[in-house]
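Biologist: I have a new model open and would like to go through it with you. Can we start with the fold as a whole and then look at single residues?

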Amino acid sequence: MSGFLRYFVFFLVIGYLSQDALGQNNRRELQAVRTDNPPVIDGKLNEPEWEKAPVATGFHQYEPHNDRPASFETFVRILYDDDALYIGARMMDPEPEKILTELGLRDSGNNLNADLFWLDINPFDDGINGFRFQVSASGVQTDINLSGAGSSRGDVNWDAVWLSEVSMDEHGWVVEMKIPYSALRFPRNDIQKWGINFWREIRRTREQSSWNFVNRRIGDPLAFLGLLNGIEGITPPLRLSLFPYLSSYLEKNGGGDQWGSSFIGGMDLKYGISNSFTMDMTLIPDFGQVQSDARVLNLSPYEVKYDENRQFFTEGTELFGKADIFYSRRIGNLPRGFANAYKELNEHEIVAENPLETRLINATKISGRTSAGLGLGFFNSMTAPSRANIRDTLTGMERSITTQPFTNYNVFVADQSLQNNSFISFINTNVTGSQPGYVANVSATEFRLMDASNMFRVSGNAALSQQYHSGEENTFGYKYDITAGKVGGKWQYTYNRLVLSYTYDPNDLGFLSFNNLVMDKVSFSYNIFDPFWRLWNLRNEISVNYNRLHTPDTFTGFNIQYSMRALFDTRFFLIFRTDYRPLGNRDYFEPRVAGRYYETDAAYDLFALYSTDYRKRVYLDGDVSYSRKKSEEIRQKYGFEVRPTFRASDRLNMTYGFRYQGINNDIGFVGFADADKIHFGLRNTDTFTNRIRASYIFTNHLSLSFNLRHYWSLVEYSGVYYSLREDGRLDSLDEDLDVRNINYNAFTIDMLLTWHFAPGSQLTFAWKNNIDSNIANITRSYTDNLRNTLEQPQINSFSIRLLYYLDYQKIRKALS
């Protein structure tokens with residue numbers, strides 16, 4: 001690959017020298033005006049102070065036509081005082097009766113069938129970090145922390161406390177916003193210069209437009225902010241907020257008939273250590289109302305990665321995502337020595353109690369960014385010792401063993417913003433005490449270097465994992481992942497090299513499915529950004545991957561991929577992908593024994609995803625897939641999903657999703673007598689997932705959500721078994737291994753009634769139901785299986801949680 005790499009770098013340089021002279025975008029500027037009479041936030045814009053502020057207008061389309069003026073005029077003004085920023089925007093519309101106004105949950109703006117207005121603001125004006133405040137024409141608030149790697153999607157879990165109101169009239173609609181300085185982080189300068197841009201979406205035509213022009217051919221909108229001037233003499237306020245909570249639970253666990261009750265109280269705290277740094281702390285945390293995991297049956301040698309749904313670990317954590325070595329689900333997870341309780345049983349002993357999670361004592365994170373563009377983050381969390389109780393069935397005596405001692409989790413990150421929307425970061429994770437005498441440490445860096453046009457980029461990350469064992473040999477491993485290429489314009493191309501050493505292991509506080517990999521990948525894509533024929537935009541990409549083991553250096557796979565992404569003028573969205581592996585594959589992980597591999601012949605995959613027009617009352621999402629692989633048998637995998645959504649009204653929204661996946665003639669690991677006798681089995685699997693989601697929005701502050709999921713997976717062994725040879729092929733076994741069939745069901749219900757009775761404060765009623773069963777009896781009747789599942793032991797939980805927002809500045813003013 002080295003010769004090819006030289007030619008690719010030469011091609012990259014030639015492309016750079018011959019690029020069109022785009023130059024830096026011309027930044028528009030807006031003057032904010034100080035006011036001594038702050039406007040009332042009522043969505044009216046009838047105060048005379050608004051007339052004193054200059055107007056931001058002349059919006060440009062972002063899509064569908066990136067080179068045209070916006071269809072309708074928009075006017076935006078900004079006022080400020082010592083406490084907050086005030087934004088007033090009027091969105092003109094010649095047909096106001098056609099403005100879409102669907103209601104939704106907080107932070108659901110991008111999924112609503114409603115017109116939108118939002119602003120992106122970056123007080124440090126570095127082209128990478130920022131905050132988004134969005135309001136729909138129906139008054140639904142969405143706020144997003146865009147800080148980190150400059151992603152336009154950002155962290156939607158970040159929640160600030162701010163005010164907004166909307167109104168509609170014969171000219172269109174109006175929004176007024178008040179963003180307290182306590183919701184922002186900004187440098188302590190006498191004269192502030194902030195990056196800012198205003199956006200509008202006309203939902204019925206799906207037109208998006210911005211005040212400062214954003215070149216869609218290059219990408220990141222944060223690189224195209226305008227400039228907000230005129231803010232002087234403001235001081236970052238003392239940012240101190242308390243979020244005390246009280247929770248009460250009524251629960252029935254397992255197959256018992258007794259209901260138990262519990263009561264818990266705690267507090268979250270936010271404290272502005274300085275003008276730019278904030279400390280978040282949770283004391284005696286309660287995560288009893290978080291969304292249930294979407295559990296699946298896992299027959300692979302790889303761990304399943306589940307989403308993090310605990311708010312403290314999802315909000316304001318963008319800095320800690322650098323280099324992809326932090327996975328917060330490790331904290332409060334299954335005790336490291338959970339299985340030891342079953343290994344250390346004596347005769348006549350049983351495990352009476354063995355907690356599935358370690359108990360979180362507290363967690364603290366500190367993050368912020370200096371005026372020089374240096375972002376710093378510190379995270380620390382502690383879990384209490386976890387113990388299993390073992391009972392002697394003859395004497396009734398009990399003893400306990402520690403399945404995980406007191407454990408400390410720590411993360412530190414430094415991220416320096418550079419010119420041209422570039423950055424370089426360092427991050428370190430450390431876990432101490434998860435087992436006696438053991439310390440795990442991972443140090444990593446991530447960087448992105450862009451040229452002045454934002455057309456060319458070199459980016460990557462690298463990490464070193466260190467595991468220290470008391471009295472044993474220590475383990476070290478490394479990885480690096482480097483990508484270089486042209487990432488803007490019609491023609492784009494990149495080269496990527498990923499290396500994971502066979503000893504690299506970040507999984508004490510990170511997530512990695514497998515290591516021991518060397519991958520070289522070359523990608524070429526052609527993009528059409530301007531509408532033509534019936535298409536709004538089109539992307540075609542082809543890539544070639546060549547994979548080897550890191551140790552020993554041996555071939556594992558070669559594949560060619562093609563993908564196409566198209567958006568039609570009817571808002572029909574289509575993605576198509578195909579993957580062809582002409583030389584087959586050597587799988588060094590399925591045998592579960594180091595050095596052994598399972599070899600298969602040529603294979604291909606086909607996948608298509610579709611989405612219809614979300615403006616319709618009924619719209620459809622879904623996908624279809626098919627794959628074929630040859631080994632001792634022809635393995636065929638096929639599946640599809642249909643997910644219709646019915647928007648009954650602007651308040652009621654219902655979605656039903658059905659997914660099916662079947663695998664015929666699947667050959668997989670079933671066990672081994674020893675390392676030299678590895679057994680595989682022939683099986684068929686069928687997996688069905690039914691999901692119902694519904695939400696009813698009473699008002700912008702009161703909502704009801706319902707989420708039901710039933711996952712059913714059947715695995716039926718044919719009675720044909722194989723022995724794995726040294727050359728990776730299989731020999732038939734004459735013996736019947738009598739491997740048990742699997743009938744796995746995961747059934748969950750999450751229903752929440754949420755009332756935001758004051759800014760930052762809420763009252764939540766929740767019902768959670770959870771069934772997790774795995775039996776050997778196979779039934780093909782869905783109704784019979786569902787009936788049997790509902791008769792299994794289950795967890796039922798009813799809870800109420802009161803969270804109240806206390807702000808120091810408001811309390812101080814009230815008492816003065």
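Modeller: Of the contacts in the protein with a separation of 6 or more, 63% are between residues 24 or more positions apart. Keep in mind that this is a predicted model.

Biologist: How many helices and strands does the protein have?

Modeller: There are 5 helices and 44 strands.

Biologist: And what is the radius of gyration of the protein?

Modeller: The value is 29 Å. A compact globule with 816 residues would have a radius near 28 Å, so the two agree. The C-alpha trace spans about 90 × 70 × 55 Å along the principal axes.

Biologist: What share of the residues is buried?

Modeller: Of the 816 residues, 51% count as buried. The accessible surface comes to about 37,000 Å², and carbon and sulfur atoms hold 54% of that.

Biologist: Let's pick a sheet. In what order do the strands of the one with β2 run?

Modeller: The order is β2-β4-β5-β10-β9, in an open sheet of 5 strands with mixed pairing. β2 (33-34) and β9 (163-169) stand at the edges; each has a single partner strand, so one side of each has no neighbour in the sheet.

Biologist: How does β2 pair with β4, parallel or antiparallel?

Modeller: The two strands pair in the parallel sense, over 2 bridges. V33 stands opposite L79 in β4.

Biologist: New topic. Where is G373?

Modeller: G373 is in the loop between β18 (360-369) and β19 (374-383).

Biologist: Buried or exposed?

Modeller: G373 counts as buried because its relative accessibility is 7%, and the cut-off for buried is under 20%. Leaving aside neighbours within four places in sequence, G373 is in contact with D415, Q416 and S417. From G373 to P187 the C-alpha distance is 9.9 Å, although they are 186 residues apart in sequence.

Biologist: What about phi of W533?

Modeller: Phi of W533 is near 50°, a positive value in a residue other than glycine. W533 lies in the loop between β28 (517-528) and β29, and is exposed at 69% relative accessible area. N420 has a positive phi too, near 60°, but N420 is partly exposed, at 31%.

Note on methods. Residues are numbered from 1 along each chain as its sequence is written. This is a predicted model: local features need pLDDT of at least 70, side-chain atom pairs count only at pLDDT 80 or more; totals for chains, interfaces and linings use all residues. Side-chain values use heavy atoms; hydrogens and water are left out. Helices (H or I, at least four residues) and strands (E, at least two) are DSSP runs, numbered from the N terminus. The radius of gyration is taken over C-alpha atoms; the globule rule is 2.2 Å times the number of residues to the power 0.38. Buried means under 20% relative accessible area, exposed over 50%, partly exposed in between (1.4 Å probe, protein chains only). Contact means heavy atoms within 4.5 Å. Accessible areas come from the Shrake-Rupley method with a 1.4 Å probe; for residues, only the protein chains shown count as cover. Two strands pair if DSSP finds at least two bridges between them.
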